[in-house]
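Biologist: Please show me the sequence and the structure. Then let us go through the packing and the charged pairs.

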Amino acid sequence: MLPSQTLPDFQQYLLSRKLVPQKSVTFYAYWANRYLTFSKRLKNADAAEALRLFLEDLQSRENIADWQIQQAKEAIQLYTIHFHREKAAGTADEEIKATSGPFDPDLLMASIQKAIRVKHYSLSTERTYLDWARRFFDYTGNRKGGLLQETPGAEDMREFLTHLAVHTLRHSFATHLLMNGVNIREIQTLLGHQNVETTMIYTHVLRDMTTAPKSPLDLLVEGSPKSAGSGDV
């Protein structure tokens, strides 16, 4: 059993940010503390060199698995790059208590980016996550009449997700109407668009679908025999 009192502030940081599973928090604190003890014995070594030597020391030990070495590396990066620097700058408590000052989307976006990179996600995944976060902030700010002045809450998230669901349903509805030959002006009226140019967006989608492969289910329906009683006698 690992001692829960090891680097308690770091453990609280991990828990409050939900950066690692709760069951792993004490292990991350253990690796960070072990690294700190190891690095104190080094002379004239910068942070990168200390990390390299520490990981090499772990790799030389037969009782430590590869996944544990990776966990140790992540723990050290979380401690030195995020926790220690924020604590030194006096921002750790401010970010945990996000409502204590004016909301800054850019600051939060930077924190989100840090958390994503700790998880070693691909660059495309990082861009997608950040894009959705920015869309959420923009939508919530516009709904409230301007730039966000306070941290969005659970109700704001539910509103955003409802907006996405309704938008997707409207998009699907309009596309299917076009596919069935409904006049573009009628679709404009149904969707409540002021300008037909907005409705014309769906014609581009339909044009892109002309070369799309058919579903096997569609092929089965098209090739199915006539229903009983409708054929020749």
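This is a predicted model: local features need pLDDT of at least 70, side-chain atom pairs count only at pLDDT 80 or more; totals for chains, interfaces and linings use all residues.

Modeller: Residues are numbered from 1 along each chain as its sequence is written, and side-chain values use heavy atoms, with hydrogens and water left out.

Biologist: Which residues have the most contacts inside the largest nonpolar core?

Modeller: A nonpolar core is a set of buried Ala, Val, Leu, Ile, Met, Phe, Trp, Tyr and Cys residues joined through side-chain atoms within 4.5 Å. Buried means under 20% relative accessible area, exposed over 50%, and partly exposed in between (1.4 Å probe, protein chains only). The largest core holds 27 residues, and those with the most contacts inside it are F10, L14, F54, L58 and L78.

Biologist: Which elements give two or more residues to this core?

Modeller: Helices (H or I, at least four residues) and strands (E, at least two) are DSSP runs, numbered from the N terminus. The contributors of two or more residues are α1 (8–17), α2 (25–39), α3 (47–59) and α4 (66–89).

Biologist: What does L14 touch, leaving aside its neighbours within four places in sequence?

Modeller: Contact means heavy atoms within 4.5 Å. With those neighbours set aside, the partners of L14 are L19, V20, V25, Y28 and L78.

Biologist: Is T6 buried or exposed?

Modeller: T6 sits in the segment before α1. Beyond its neighbours within four places in sequence, T6 contacts Q11, A29, Y30 and N33. Its relative accessible area is 15%, so T6 is buried.

Biologist: How many salt bridges does a search of the whole structure find?

Modeller: A salt bridge is a side-chain nitrogen of Lys or Arg within 4 Å of a carboxyl oxygen of Asp or Glu. One of them pairs D57 with R61, at 3.1 Å between the closest N and O atoms. The whole-structure search gives eight.

Biologist: Which residues do salt bridges that share partners join into one network?

Modeller: E49 and R52 form a salt bridge at 2.5 Å, N to O, and both lie in helix α3, three residues apart. E56 also bridges to R52, with the closest N and O atoms 2.6 Å apart. E56 and R52 are four residues apart in helix α3, so about one helical turn separates them. The network joins E49, R52 and E56.

Biologist: What is the relative accessible area of R52?

Modeller: E56, at 39%, is partly exposed. R52 is partly exposed too, with a value of 38%.
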